[in-house]
Amino acid sequence: MDVILLHFLIGISFGCILFLLGTGLSLTMGLMRIVNLSHGALYMVGGYTGLAVAKLTENLVGRNLCFVLGILAGGICAGLLGLILETGFLRRLYKRELDQVLLTIGFVYILTNLVQWVWGPVPQSGVVPSILSGSIPLGGVTFPVFRLAIIAFGLVAAAGLWLFQERTRIGAIVRAGMDNKEMAMALGINLKMVFTGVFALGAFIAGFCGLIGAPLLGINLGIGWDALLLAMIVVIVGGTGSVQGALVGGLVIGLIDAYGKAFFPELAYFTMYIVLIIILLFRPSGLMGRKI
Amino acid sequence: MGKVELAGSNRQPRRGWLFSLAPYIVIVVVLLALPPFLSAYHLSMLTKVLIFAIFAMSLDFIVGYTGLLSLGHAAFLGVAGYAAGILIVRYDIVSFWLVMPLGILAAGIAAAIIGYIALRVSGVYFLLVTLAFGQLLSAAAVKWRAMTGGTDGLVGITRPDLGLPGFTWTGSSYYYLVFLAFVICFFLLYRITKSTFGQTLVGIRENEPRMQCLGYNTWAHKYVAFILAGLFAGVAGVLFAIFYGIMVPGNLGLMTSASVMLMVIIGGAGTLFGPVIGAGFIVVLERFVSDYVPERWPLILGCVFIICVMFMRGGFGIYLSRFWKGMRVRLWKC
Amino acid sequence: MEVLRVDGLSKNFGGLQVFHGLSFTVEAGDKLALIGPNGAGKTTLLNILGGQLPATAGRVHLLGQEITRLAPRHRLHLGLSRSFQLNNLFLNLTLMENILLALEGAERSHFQMLHPIDAQTELVATAQELLESMGLWEKRFDPITTLSYGDQRRMDFALAMVSKPKLLLLDEPSAGLTIAESVSLADTMRQLPKDTALFFCAHDMDLVFNLADQIMVLGSGQIIARGTPYEIQANPKVKEIYLGSEVPSEDVRSS
């Protein structure tokens, strides 16, 4: 029973990171119909920047606040990059969706190399705020506080994003844009700005969780593609265009990965892909997705 | 996605066929005659260009002609390469005439399986699925140490036996083998793309729903095209494995798939010689850059790529194509 | 001979019911126009008949065979062809390539990989006939985008006719055309073989009255009326559908 619970929590905490990673990608795909392949690279940039800021300010404001500053810095940096990418490049290829996807591949090369230029090839390790370090006993197992915090944060973020999607005017505009671009434009909505906003928001979230996810996923040069892959699997399994899709996808993958590693260690890395293939064979639009 | 070429030669007067063949003849002759004049280093680079040219052409078949963006094409290169390598290293099968077909077959089977699943979706989803499969296979290569050597790679892939008495491999002779393979692949792909089947792929790329209404089984066409592309990538894969003597899991993964995609786009999708140019361009540029600022190569590559996507729709291949057409008109008028 | 039979056809989009329990037949050689107010479901019906949309309930039979769940390509080979409201041509390809693709599609096997499509001389000859009859032979190597919209519509129509269908579905064939182009299109359509059934939806009443020998009116999810053009014109229910009921009962031709 303890083992089940332990892996449940591990899976949920990993799932929350996956959810955060997947949300930005999902919204961009649902609204702009492009895959932002640089999503993982933005996560990576956020992680590196956030770590740098956290380390810099550690002595000034202490272990806890520097973490907060770090994740904010990571998010803002990635968000700004996202803004530049969208307005400077993607926007100019409006309606050339496959070309836009290709463009994002180019960004990955550039961003990864820039990060390497600044920080070098050696992997870095993440930091954990002291308030969240250590483990606590929980129903018979000891569980890292940090992971609990991720779960809490993830669920709060999910609720917040869901409210944003369903209950705010901007959220309604985004959903309208996903359903019917022409109609939305005809209603006077400035779709270009919505696109930019959603893209930048997705980038912000990705960069934001760069530092948060560091203890789980690491901060290294390969994480650009790795994070993208994870986000992608979440999006395909959960369905694009909705916060709930990303959440379901993230949690499902997180749990399957955790139990997979526990009970079928040989297959560990593949359980995610197996789920992906099953979903593609039987429900290509994802568990919560609109029909493609 | 690149200028569409008309199938068949109905466009030009029949006498013009000699002119359209001329550049190919010139290139073939040049490539045949080069080796004695090149250093071993440059010869090896040219061999590498031709291998990647085959690989890039195979990708162009689905990207440029069928309109399916795949970021998992390296899977087929890798499967063929590993298959060939495993046969040579683990099973001591040294005959080229066994290794090559089996390698290609392995790639074809992989394409049949992956294609069946990936083609259940389209557009960006297709892209993601192919990407995922590439990574899956790469991870499998890491896991399956016994066969593949894991992250250390499959080493010691020796050049297989051609069965010719008294023959030993040199850089030159391997080059000619690769060149022959390239010519055969180019010729076959040329015939296929200009054929009825090739034209229907273009139709699917341009307007798939209308093709369905006109009576075509578009899924079947895409599937066949995907498998064909996999087979040709397999050719490149076997040659690749033999050339480098080693296969690593990264050869199956995203980095390799992205590189070949870059070659196709920079060279010009939807033309057959475009990817060849793209392969040449990237291989040569990489050697050049690594003499000066090797660590910045991905940055430069990324920038070139973005410039091509944004401003040069159709890549270099289009400019070359227009240039040649213009030349031909002028020559014809003489 | 019955070409098309629709039994109890219903279509819902989620909670929105477009139509319910539609039943009608089309005989060989009928020229049936489908009219109705905007949003009545004309294009939806056409899409269901063409195979682009699945029906929620009901059955469709073509020449006696059930096609309700059949993919569009099979419908073509059974004798059903359609063209689309917005141009659905291969815009970047030349006229010749468009026609050849359509002709090739009507053949049974398409996997020939060794010879170019225009090496099939009968296909090219048929294509030549077709293009010459439309006066477009000189432009055969030009991309579709260089044609006027009217010519593009004629090409669209030609592509749909290439398979010699028993039933031709057209969605707003004269939409976007000038009056002259519309008259020209009607002339072309009148040259259809006598036994080809035509089922088209339109808002252009000139075209409808010019071409159709029967009109079917779709409104509020039902077939309100069916009859000859003059019967429909005089039908009070039809007037109500278009004009509402507070209108004096003069003979107002809806346009």
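**Chat about a two-chain predicted model**

Reader: Hi! How many residues does the contact take from chain A and from chain B?
Author: Hello! In this predicted model, the contact takes 35 residues from chain A and 30 residues from chain B.

Reader: Nice. Which elements of chain A give two or more residues to the side that touches chain B?
Author: Those are α3 (97-119), α9 (223-238) and α11 (271-282) of chain A. The largest share comes from α3(A), with 14 residues.

Reader: And how do the residues on that side of chain A divide into nonpolar, polar and charged?
Author: The side of chain A that touches chain B has 28 nonpolar, 4 polar and 3 charged residues.

Reader: Switching to chain B: at what angle do the axes of α3 and α5 cross?
Author: Helix α3 (residues 74-89) and helix α5 (residues 123-143) of chain B cross at roughly 25°, and their axes come within 9 Å. Angles under 35 degrees count as roughly parallel, and α3(B) and α5(B) are therefore roughly parallel to each other. The crossing is left-handed.

Reader: Which residues make that contact?
Author: From α3(B) they are B:Ala74, B:Ala75, B:Gly78, B:Val79 and B:Tyr82, and from α5(B) they are B:Phe133, B:Gly134, B:Leu137 and B:Ala141. In the contact of α3(B) with α5(B), 7 residues are nonpolar, 2 are polar and none is charged.

Reader: Back to chain A, what does α2 span between its end C-alpha atoms?
Author: Helix α2 (residues 39-89) of chain A spans only 15 Å, while a straight helix of 51 residues would span 75 Å.

Reader: Oh! Where does α2(A) bend?
Author: At A:Val61, by about 135°.

How values were computed:
Residues numbered from 1 in each chain as written. Chains lettered and ligands numbered in written order. Predicted model: local features only at pLDDT ≥ 70, side-chain atom pairs only at ≥ 80, totals over all residues. Helix = DSSP H or I, 4+ residues; strand = E, 2+ residues; numbered from the N terminus. Expected span 1.5 Å × (residues − 1). Bend = angle between axes of the 7 residues up to and from the residue. Axes fitted to C-alpha atoms, helices over the stretch in contact; angles between N-to-C directions. Parallel < 35°, antiparallel > 145°, perpendicular 65-115°, else oblique. Left-handed = near helix turned anticlockwise from the far one by under 90°. Contact = placed C-beta atoms within 7 Å. Nonpolar A, V, L, I, M, F, W, Y, C, P; charged D, E, K, R; others polar.
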